[in-house]
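Please walk me through this structure, one region at a time. I am new to it.

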Amino acid sequence: MSADYALSRLFCSEPELTYVTPQNTRQRRIQRSIHRHTDITELGFVFSGEGVYVCDGYSYPIYPGDFILYNQGSMHSVESSSELEIGTYFFGVSHLQLIGHPMGWMTDPKDSFVRPAGQHLPAVHGACQLIYEMIQRDTPESRITAQSYFLGILLTALQCPADARKEQRRDAVLAARIQQYIALHFREPLTMQTIADDLNISVYYASHVFKQEFQISPIQFMIQCRIGEAQNLLISSNYSATEIASMVGYDGANHFNAIFKKHVGMPPVQYRKHYLEQMRGKRKQ
């Protein structure tokens, strides 16, 4: 089966690679809070280290050789299990629409968001390295090469068998509802009372089931959402830290700076500088 034929059987149109971001495993881990992308789909690949991938309320242990699938608009995060960064490549994809699925979906949510590549790990890792090198050259010819190799990786990921996922319990479903509510409203002045009132549950029950499911409180999750969105804006826009503070729900820049440093380990301006140095000045998602 040719690649063109396989693409035409799976996609409404050809997905387009927009960026590739490698993670340096020799660096100290920097906290990347839970976040989402409203206009991009991502495909990740783990080549070294271990960690945890959280997507749409589901948590998966991840290991070398795992593909990480992400649907556009889903809340997600990747966290290393050690003090060093987990080794990953993340590919940003635009115009991705699988036949029979909504725009930007990499997988049906009822299936797993993690697909082990198994024995294909060395070949996929080599292809990831080549794609990154071609993108860095930034010539018309190198971008065509990167796009071709990426489509091969994408087809491989989609053909890998999904990991089994446990059926959700009633409390897990409620916790996911609370999580989704916060993800949609985190820029607003939320309190536990407003969350509970809008979802028709008690403050105690909402706090209890959420913390039981995710090991953090709803308010802590709201802070993670705000910090994650702030990180997105710092690395993909020219907004000042003061402007970003207001955009993610904080009244004052000083309060925002203190919370950001507590969660990420460095102030917002330093985080932006660190990221741009890593990516040679090119802004990515």
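The side chain of T107 makes a polar contact with the side chain of R115, at 2.9 Å. A polar contact is a pair of N or O atoms within 3.5 Å; within protein, one must be able to donate a hydrogen and the other to accept it, and residues adjacent in sequence count only if both atoms are side-chain atoms. This is a predicted model, in which local features need pLDDT of at least 70 and side-chain atom pairs count only at pLDDT 80 or more, while totals for chains, interfaces and linings use all residues. Residues are numbered from 1 along each chain as its sequence is written, and side-chain values use heavy atoms, with hydrogens and water left out.

T107 lies in the loop between β7 and β8. Strands (E, at least two residues) and helices (H or I, at least four) are DSSP runs, numbered from the N terminus. T107 counts as buried because its relative accessibility is 3%. Buried means under 20% relative accessible area, exposed over 50%, and partly exposed in between (1.4 Å probe, protein chains only). Leaving aside neighbours within four places in sequence, T107 is in contact with L69, N71, S112, F113 and R115. Contact means heavy atoms within 4.5 Å.

**The sheet**

What is the strand order in the open sheet of five strands? The order is β1-β7-β2-β5-β8, with antiparallel pairing. β1 (16-22) and β8 (114-116) stand at the edges with a single partner strand each, so one side of each has no neighbour in the sheet. Neighbouring strands are turned by 20° against each other on average, direction ignored. For such angles, axes are lines fitted to C-alpha atoms, for helices over the stretch in contact; angles run from 0 to 180 degrees between N-to-C directions.

Two strands pair if DSSP finds at least two bridges between them.

| Strand pair | Bridges | Facing residues |
|---|---|---|
| β2 and β7 | seven | F45 and Y89 |
| β2 and β5 | four | G44 and I68 |
| β1 and β7 | six | L17 and V93 |

Strand β2 covers residues 41-48. Seven of its eight residues are buried, so β2 is largely enclosed by the rest of the structure. Strand β7 holds S94. S94 counts as buried because its relative accessibility is 12%. Not counting residues up to four places away in sequence, S94 touches P15, E16, T18 and I40.

**The cores**

A nonpolar core is a set of buried Ala, Val, Leu, Ile, Met, Phe, Trp, Tyr and Cys residues joined through side-chain atoms within 4.5 Å. The largest has 42 residues. Those touching the most other members are I178, I182, I195, F221, F256, F260 and Y271. Elements giving two or more residues to this core include α4 (170-185), α7 (218-236) and α10 (268-278). α7 gives the most, with nine residues. F256 touches residues including I227, A230, I244 and P268. A second, separate core of 32 residues includes F45, F91, L96 and L98.

**Helix α10**

Which residues of α10 are buried? They are P268, Y271, R272, Y275 and L276. Seen down the axis of α10, the buried residues fall within an arc of 125°, so they line one face of the helix. The arc is that of the directions from the helix axis to the C-beta atoms. On the other side of α10, V269 and K273 are exposed. β1, α7, α8 and α9 are among the elements covering the buried residues of α10.
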